[in-house]
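I am opening a notebook on this structure.

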Amino acid sequence: MLAINHLHAGYGNSQVLNDFSITVPAGEVLALMGRNGMGKTTLLKATMGLLPIAAGEIRFDDHSIVGRASHDIARLGLGYVPQGREIFDDFTVLENLRLGLMGHASNNQTLPEQIFSWFPVLRDRADQRAGSFSGGQQQMLAIARALVSGPKMLLLDEPTEGIQPSLVHDIGLRLREIARDTGLTILLVEQNVDIVRTIADQVIFMENGKAVEQVPVGAIRQDDDLLARHLTL
Amino acid sequence: MTDIAILILNTTSYILILVLVALGLVVVFGMMGVINMAHGELFMLGAYTVVVAGQMGLPFWLGALLAPLFVGAVGLLIEWMLIRHIYRRTLDTILATWGLSIVLKQAVVLFYGPSSQSVTVPIAGAVAIGDFSYPIYRLLLMTMAVMLIAGMLWLFLRSDFGLKARAVMARPDTAACLGIDTRAMYRRTFVIGAALAGFAGAIVAPLISVDPSMGLGYLIPGFISIMVGGAGALSGVLLGGGLVGATNNLLTVWLSPVLAQIAVFLLAIIIIRLRPSGLMGGRHGT
């Protein structure tokens, strides 16, 4: 579904990603873990066309997407839930969701019913200002907004960041349910081990802009040393 | 009594034209961080469209219809040649569009000379309201301006286009990642702003002297209206335009044009001192 080969990208002269390569097969949930500043967010932004790419290749669903405009990449079926959620605070919940559909040139502009079965709170509070939502609710809204257009794949950047612990597990379960219901391919950037254990099939560890080790998720359940090696300072 | 009624009507029509000009400025600034110093020249080009149409023997209303189309097309060209290269670099846009405004002004001087042109009022009649009469054309102009302002507010605050535009304003990257073509939204907004200025210039042409530097007379109060009202919210433009237009027009008649200008600047300084982001500043969208 997504294949990234020998990617170099970053901000200005500082290349955060150094020869980064991964492959995410269709239907798989891949978690990308690593310490802060290792280039996880940079990778997702570069994939969405938000950062210039110095070298390397990104193929999504058999299209080369390097150099394409972000909206083009989104329309190919790549959904993105950015770090910090980036919901439109001044708009209502419903307007946020409708924006997820409007960029996609389909004639069908009705929100899929399934969204509300995954996130009932979004129906109950459809007319509420999104900015008045709690962090967890805003995260659900950001995920739902990326899902309404029926993407083939979802990029999730730290969906548990700044969310109260009781909701973290909840969001994890919901994402697992969505992945199972739809067969959605997911690339998840995360620091929270609990949510990675809940939904991921494979885990990739990242260090200094490179993918250094890939293991099935079972490995991190058994081998605590693995996490210590890649995540502790 | 009669004098006051006429003064109020004249002031209202001035305010409405000012709001039309300022609306174009504020959507372009809010959306792409472009301060368009050439906006007054787009207004001027609208007036000249009517002048040229008249010289070619075309009726006024056809000229007034052509003005937004022609100026909108000029806006499209400007966007493509200049503006798209400097999005979100506000200081650069001031310099670039200021240069553009000189070019446009001089181009008009080359073709039509520096002297002022006049446009005949298309409807000569007047209506009697009570014991005074008022030109029908001015009433018509106010009606058209109100409809256009309402249309613009509807477009940006109620329509799907407006929702997308406000999303691009608030979070351009996120909007793009939802599949919204931000460049196309910028382009359309700039053309809409230009066409609006062109139409405002066209309908006001019969009432004022049309000359190459007429744009400045509306650009400066337009900017002050935005500063006073706040650049974040469209309702700020209505409030700012109302305050600036009323102060300017009423004091021009009651005291003198110079004192009126001083009062407008004082008003702007005081309001910005007290509320740096304008009266409606800090509020977005509405």
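**Entry 1: one residue of chain A**

Is A:Glu158 buried or exposed? I looked up its neighbours before anything else. I keep in mind that this is a predicted model. I found 22 other C-beta atoms within 10 Å of A:Glu158. The cut-off for buried is 20 or more. A:Glu158 is therefore buried.

I then asked where A:Glu158 is found. It sits in the loop between β7 and α7 (165-182) of chain A. Most residues other than glycine have a negative phi.

I noted A:Asn208 next. Its phi is positive as well, about 50 degrees, although A:Asn208 is not a glycine. A:Asn208 lies in the loop between β9 and β10 of chain A. How many C-beta neighbours does A:Asn208 have inside 10 Å? I read 14, so A:Asn208 counts as partly exposed.

**Entry 2: the sheet in chain A**

I looked up the strand order in the open sheet of six strands in chain A. The order is β6-β7-β8-β3-β9-β10, with mixed pairing. Which strands are at the edges? They are β6 (78-81) and β10 (210-216) of chain A, and each pairs on one side only. Neighbouring strands of this sheet are turned by 20 degrees against each other on average, direction ignored.

I also checked what packs on the sheet. Helix α1 (residues 40-47) of chain A does, and it touches β3 (29-33), β6, β7, β8 and β9 (202-207) of chain A. The direction of α1 makes about 145 degrees with that of β7(A).

Then I took one strand pair. Strand β7 (residues 153-157) and strand β8 (residues 185-189) of chain A run parallel, joined by five bridges. A:Met153 has A:Thr185 in β8(A) as its bridge partner.

**Entry 3: where the chains meet**

How many residues of chain A are in contact with chain B? I found 20, and they touch 17 residues of chain B. Two elements of chain A give two or more residues to this side: α2 (70-75) and α3 (93-102). The most come from α3(A), with five residues. By class, this side of chain A has eight nonpolar, six polar and six charged residues.

**Entry 4: chain B as a whole**

I counted elements next. Chain B has eleven helices and two strands. From the N terminus on, they run α-α-α-α-β-β-α-α-α-α-α-α-α.

Then I looked at overall form. The C-alpha atoms of chain B fill a box of roughly 60 × 45 × 35 Å along the principal axes. Chain B has a radius of gyration of 19 Å, which agrees with the value near 19 Å for a compact globule of 286 residues. Buried residues make up 50% of chain B. I also checked contacts with a separation of 6 or more in chain B: 75% of them join residues 24 or more positions apart.

**Entry 5: confidence**

The model has ipTM 0.92 and pTM 0.90. In chain B the mean pLDDT is 91, and 98% of the residues reach 70 or more. Which element of chain B has the lowest mean pLDDT? It is strand β1 (residues 126-129) of chain B, at 84. Helix α3 (residues 60-81) of chain B has the highest, at 97.

Key. Residues are numbered from 1 along each chain as its sequence is written. Chains are lettered from A and ligands numbered from 1 in the order in which they are written. This is a predicted model: local features need pLDDT of at least 70, side-chain atom pairs count only at pLDDT 80 or more; totals for chains, interfaces and linings use all residues. Two residues are in contact if their C-beta atoms, placed from the backbone, lie within 7 Å. Helices (H or I, at least four residues) and strands (E, at least two) are DSSP runs, numbered from the N terminus. Ala, Val, Leu, Ile, Met, Phe, Trp, Tyr, Cys and Pro count as nonpolar, Asp, Glu, Lys and Arg as charged, and the others, Gly among them, as polar. pLDDT is the predictor's confidence in each residue, from 0 to 100. The radius of gyration is taken over C-alpha atoms; the globule rule is 2.2 Å times the number of residues to the power 0.38. A residue is buried if 20 or more other C-beta atoms lie within 10 Å of its own, exposed if 12 or fewer, and partly exposed in between; C-beta atoms are placed from the backbone. Two strands pair if DSSP finds at least two bridges between them. Axes are lines fitted to C-alpha atoms, for helices over the stretch in contact, and angles run from 0 to 180 degrees between N-to-C directions.
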